[in-house]
Each structure stands twice: as structure tokens, then as C-alpha cells.
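I opened this one up to look at the ligand sites, a couple of helices and a few single residues. My notes follow in the order I looked.

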Amino acid sequence: MYEIDEVKYHRFKQKNNMLFRRLWDKSLSTYNQMLDTNLEKHIESKKDGYSRIDFALVAAGWTVYEKFPYAFTWEGKDLMDIGYGVNWMKSKHIIENRESFTKTIKKAAKLYGASLVGIADVNEKWIYKTGFIRPLQASEAEAKQEVRKGKAADSIYDQPIDLPNGINKVIVMAVEMDEDAISTAPTQPAAAASAIAYSKIAFIISCLGEFVRNLGYRAIQCGNDTALSIPLAIDAGLGALGRNGLLLTPELGPRVRICKIFTDLPLISDEPNQRFIEKIKNYCKNCSKCAEACENDAITKNENPTFTPTSISNNPGVKKYYVDVEKCFEFWVENSSDCGNCIMVCPFSKIKEFLSPSEFWNKT
Ligand code: SF4
Ligand code: SF4
């Protein structure tokens, strides 16, 4: 499934992710810059898809992700006493049939809003070696306030990440991003689709995490933190890695965002989707639509994947198409938002109609 060079591979340090690196790596042209750097300039330009309304839509789309305090918690302590007065963690729900119980968990995940769900065994390789650990009951915005201002000590991004003993399964979920909005990439309605998917993620993992704890088991609720989501999703049978560096799913291609819950529930793991992995391997070799659509040449057009990373923001040791995320982030700063071109053009995203931002707003 993967070609791994065990000598080169090491667990990723989250501080090397571009969203953290821009805070400490002075060699970057994007050092200390963020998506608001060029925002006023865009609004003044009156370009379609960059108005104050468009930017307001994006910022508001992040609301639940940024402001809900329990979204990314590792524990249930003092969280959701909804008035029943029940100590849910006092005993464990007895699971008589693991197969049917696994279906129950997947059903609950979909009811809470996940588009796709899979289960995998935890592979320690994919857990960050170090990263940013949020305070227990702080929202994303509160937890990262000092970090985002560049005032936090560098060591705060570099905490050892160790899952507690007994946490050996991961529920991986993908959340669809709106087709019409993504079709406007790289303009702001596309960024809003991404922001809204992140807020949906915060909602889904908050509810599913509580559901797991109400059954007496542990749940560690994660977005992009704690571990690499894409290999976990591949292990859980959700899809394959594309040339664009994203998870491609058979149902929605890369038009998804990923979240996960680590747990000690005795679930049955899914198998990786080998047929789809083979299909993508061959397809991406002969298709470079994402590379052609990338405004900053961040995606390689080379026919074959390699073991050669482009910077410390790539994790070496896995054979793949490495994306130059420094160039990608430069475009994000220029664009005042994430971009999504490489999602929009991928045939697996199955976008039927490509809209301009005005057409998006006028479509009923
Ligand atoms: S998000 Fe945009 S800039 Fe980044 S790799 Fe994809 S197409 Fe290129
Ligand atoms: S656009 Fe083509 S090359 Fe890029 S990820 Fe999608 S299928 Fe692969």
C-alpha cells in the first residue's frame, strides 16, 4: 500500500506544518504573514469573489471550529452535563457483537454529519512526534490566541504527542465540501466551503466523542492535530493519496475535509481500498490537471512519485508526489485564503457545473 523507506521515515513534527512554520521560520518569504495580510487590498480591488461579503462568509464559516470550547478535547471531564446527572464513565456498555456495534458507531457518525466513515488500527507512524497541545477546555481561537500573535514560546508547538495506553483504534471521517462553492476556487466562496466543513468537523467530533464517552469508553477528538489524517484515512479504507497531496475518495474525490477520533472502543477495522489505491496510482500518473491548475507550480508534473521531499514541511521516507507547500502557502497569503484549485479540477471531485462567484451567489 505504501512504499516506505524505514531509514528516512520519522514521525512528523507539527511545528513544520506551514501554518506553524510561518510563525518561527524566518527564512520563509511568508514569515509572520497570514491570510489576512492582503485582505484589504482584495476588498478594494472589487474582484468577483473577493468582496467584503465573500470574506465575511468565509470568516463566519469558521465560527464553530474556532469558538466551540470542547471540539478538540481528549477528555470528557466536566463537559456535557446536560442535566441527566449520569456518570457515564462509571461503567462500560457491554458490547456483545463487535461487528454490529461497529455499524452502530458508523451510523452515529453519519447521523452527526460525517459523509464517509472508516475504522483503522492506530499506526504509531502517523502520530505526530511533537505538536501543539490545546489546553483542555479552550476553544481553538482561545488556545491559539498567543500563538497566532507570535507571542507564545516556540516550545509550545513542540510538545511530545503520546496517545494514552489502550487507545488503539481510530474512527476516521470525511466531510463533504459544497460542490457549487468549491467550483469557484480559488475565490472566497470556495474558502467558505472549506471553513464550513471545518465547523462541521468540530460539531461531528464533539457529538461523536460524547457518544463514545456516554458508553464508558475514551475518545480523543481531532481535526488536523495529533496525527496525519490522510494515511489514517487510507488505512481506514476511505481512499487513496493523489498527486495533489490530498485524500481522494471514490465518492467525492478530494472534495472533503478529514477528522478523526482515537478511542479504546473494541471496533472492527476496515481494510484499505486496494482497488481504488491502484486506480489512483495509475490515473495520477497520466493526469496532471491539479498541477496545471496550481497558480504557483506547487504540484509536480513528474510522471512518477519519488522519495524526495521539497522542504522540511514534507515528511520524508514515503514514495509519493511531494507538494511544495512553501509555494502553496505563498499563494494562500497572496489569495487571502486557502485556494482549492487542485480540489476543483480533480475529476474525482465530480463537479458538474463550474460557476463564477457571481453565478454562485445568484444560483437558487
Ligand atoms: S491549494 Fe492551490 S496553491 Fe496549493 S497546491 Fe493546491 S492548487 Fe496549488
Ligand atoms: S487532478 Fe488528476 S493528477 Fe491531480 S489528484 Fe486528481 S486525478 Fe490525480
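Before anything else, a definition for my own use: helices here are DSSP runs of H or I at least four residues long, numbered from the N terminus. I also keep in mind that this is a predicted model.

**Entry 1: alanine 291**

I looked up alanine 291 and found it in helix α12. Is alanine 291 buried or exposed? I count a residue as buried when 20 or more other C-beta atoms lie within 10 Å of its own. Alanine 291 has 20 such atoms, so it is buried. Leaving out residues up to four places away in sequence, I see it touching Arg243, Ile299, Thr300 and Lys301. I also checked valine 323: it sits 32 residues from alanine 291 in sequence, and their C-alpha atoms are 9.6 Å apart.

**Entry 2: ligand 2**

Next I went to ligand 2, and α12 came up again. Both α11 (274–286) and α12 (289–293) supply at least two residues each to the shell around this ligand. I get 14 residues surrounding ligand 2, and the closest are Gly242, Cys284, Cys287, Cys290 and Cys346. By type, the shell splits into 9 nonpolar, 3 polar and 2 charged residues.

**Entry 3: ligand 1**

I did the ligand 1 shell next. Which residues come closest to ligand 1? They are Cys294, Cys328, Cys339, Asn341 and Cys342, out of 13 that surround it. The elements giving two or more residues to this shell are α13 (325–335) and α14 (341–344). I sorted the shell into 9 nonpolar, 3 polar and 1 charged.

I moved to α3, residues 52–61, where Asp54, Phe55, Val58 and Gly61 are buried. Looking down the axis of α3, I see these buried residues fall within an arc of 125°, so they line one face of the helix. I traced what the buried residues of α3 pack against and got α2 (39–45), α9 (188–214) and α15 (357–362).

Serine 51 is in the loop between α2 and α3. With 18 other C-beta atoms within 10 Å, serine 51 comes out as partly exposed. Its C-alpha is 9.6 Å from that of glutamate 40, 11 residues away along the chain.

I followed α9 next. This helix has 27 residues and spans 39 Å from first C-alpha to last, close to the 39 Å expected. I find 23 of the 27 residues of α9 buried, so the rest of the structure largely encloses this helix. Just after α9, glycine 216 has a positive phi of about 90°.

The largest nonpolar core holds 88 residues, and Val172, Met173, Ala233 and Ile261 touch the most other members. α9 gives the most to this core, with 14 residues. I listed contacts of methionine 173 beyond four places in sequence; among them are Ala109, Leu116, Ile204 and Cys259.

**Entry 4: methionine 177**

Last, I checked methionine 177, in the loop between β4 (169–176) and α8 (179–182). It counts as buried, with 25 C-beta neighbours inside 10 Å. Beyond its sequence neighbours up to four places away, methionine 177 touches residues including Ala193, Ser194, Ala197 and Arg255.

Terms used:
Residues are numbered from 1 along each chain as its sequence is written. Chains are lettered from A and ligands numbered from 1 in the order in which they are written. This is a predicted model: local features need pLDDT of at least 70, side-chain atom pairs count only at pLDDT 80 or more; totals for chains, interfaces and linings use all residues. A residue is near a molecule or strand if its C-beta atom, placed from the backbone, lies within 6 Å of it. Ala, Val, Leu, Ile, Met, Phe, Trp, Tyr, Cys and Pro count as nonpolar, Asp, Glu, Lys and Arg as charged, and the others, Gly among them, as polar. A residue is buried if 20 or more other C-beta atoms lie within 10 Å of its own, exposed if 12 or fewer, and partly exposed in between; C-beta atoms are placed from the backbone. The arc is that of the directions from the helix axis to the C-beta atoms. Two residues are in contact if their C-beta atoms, placed from the backbone, lie within 7 Å. The expected span of a helix is 1.5 Å times one less than its number of residues. A nonpolar core is a set of buried Ala, Val, Leu, Ile, Met, Phe, Trp, Tyr and Cys residues joined through C-beta atoms within 7 Å.
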